[in-house]
Amino acid sequence: MGFLTDKTGSLSMVRVSILTAVVGGIFLIGGAFAFFLDQESRKSPLMIEIPPGAVQNGEVAKGVAWRDVFYTVTGGEIEAIVTFYERKMLEHYANTPEQDEGERCVRFPLAGNFAEFEQGRSPLPFYYICMFDRSGLNSTQWTQVTIRPAIATDVNIDIENTIVITYEQRWQAN
């Protein structure tokens, strides 16, 4: 405390001001470093763990920092996969199962199948969407997970017993 007082023992406003400026400068530099580190962490896709038994079947670049990644699960139940992703959403958004306002996967349509659906043909009977978002100030980083049963237009897939999972991913370009 002696360095904050002058020769008479009184508090020196000049010295207090210098100390305040130095501490403020350290916080400012630390904040800028944390901001740029955070921005740098968003320059790659947001990777969400895939469910057990899922196999990657392809990837399509849709543009700079934008892609679709395709996975299939053979012999699984779609509800179990949706439950898996809802648990991942709880972890991602730091919610607990007791929080009703927590993020959830959304089913389209809410019940039954789409009116245009005919068994064994496309279009889709239904699908689920789960959104994982980590975007921030001046940055984009999200993965939208779409879960659906395989349909007739899917190539080289057993449509009776397969679930298709698509990760649409966007992130901050360099």
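A salt bridge here is a side-chain nitrogen of Lys or Arg within 4 Å of a carboxyl oxygen of Asp or Glu.

1. **Before you start.** This is a predicted model, in which local features need pLDDT of at least 70 and side-chain atom pairs count only at pLDDT 80 or more, while totals for chains, interfaces and linings use all residues. Residues are numbered from 1 along each chain as its sequence is written, and side-chain values use heavy atoms, with hydrogens and water left out.

2. Start at Lys 88, which forms a salt bridge with Glu 91, the closest N and O atoms being 3.4 Å apart. Both lie in helix H2, three residues apart, or about one turn of the helix (helices are DSSP runs of H or I, at least four residues, and strands are runs of E, at least two, numbered from the N terminus). Lys 88 also forms a salt bridge with Glu 49, with 2.8 Å between the closest N and O atoms. That pair links distant parts of the chain, as Glu 49 sits in the loop between helix H1 (13-41) and S1, 39 residues from Lys 88. So Glu 49, Lys 88 and Glu 91 make up a network of salt bridges.

3. **Who is buried there?** Lys 88 counts as buried at 16% relative accessibility, Glu 49 is partly exposed at 49%, and Glu 91 is exposed at 56%. (Buried means under 20% relative accessible area, exposed over 50%, partly exposed in between, with a 1.4 Å probe and protein chains only.)

4. **The sheet.** Six strands form an open sheet in the order S1-S2-S6-S5-S4-S3, with antiparallel pairing (two strands pair if DSSP finds at least two bridges between them). Its edge strands are S1 (54-63) and S3 (106-108). Eight bridges join S1 to S2, and in their hairpin Ala 65 takes a positive phi near 60°.

5. **The core.** The largest nonpolar core has 22 residues; Tyr 85, Cys 130 and Phe 132 are among those with the most contacts inside it. (Such a core is a set of buried Ala, Val, Leu, Ile, Met, Phe, Trp, Tyr and Cys residues joined through side-chain atoms within 4.5 Å.) The largest share, six residues, comes from H2.

6. **One more pair.** Arg 148 forms a salt bridge with Asp 154, the closest N and O atoms being 2.9 Å apart. Arg 148 is buried, at 14%, and Asp 154 counts as buried at 15%.
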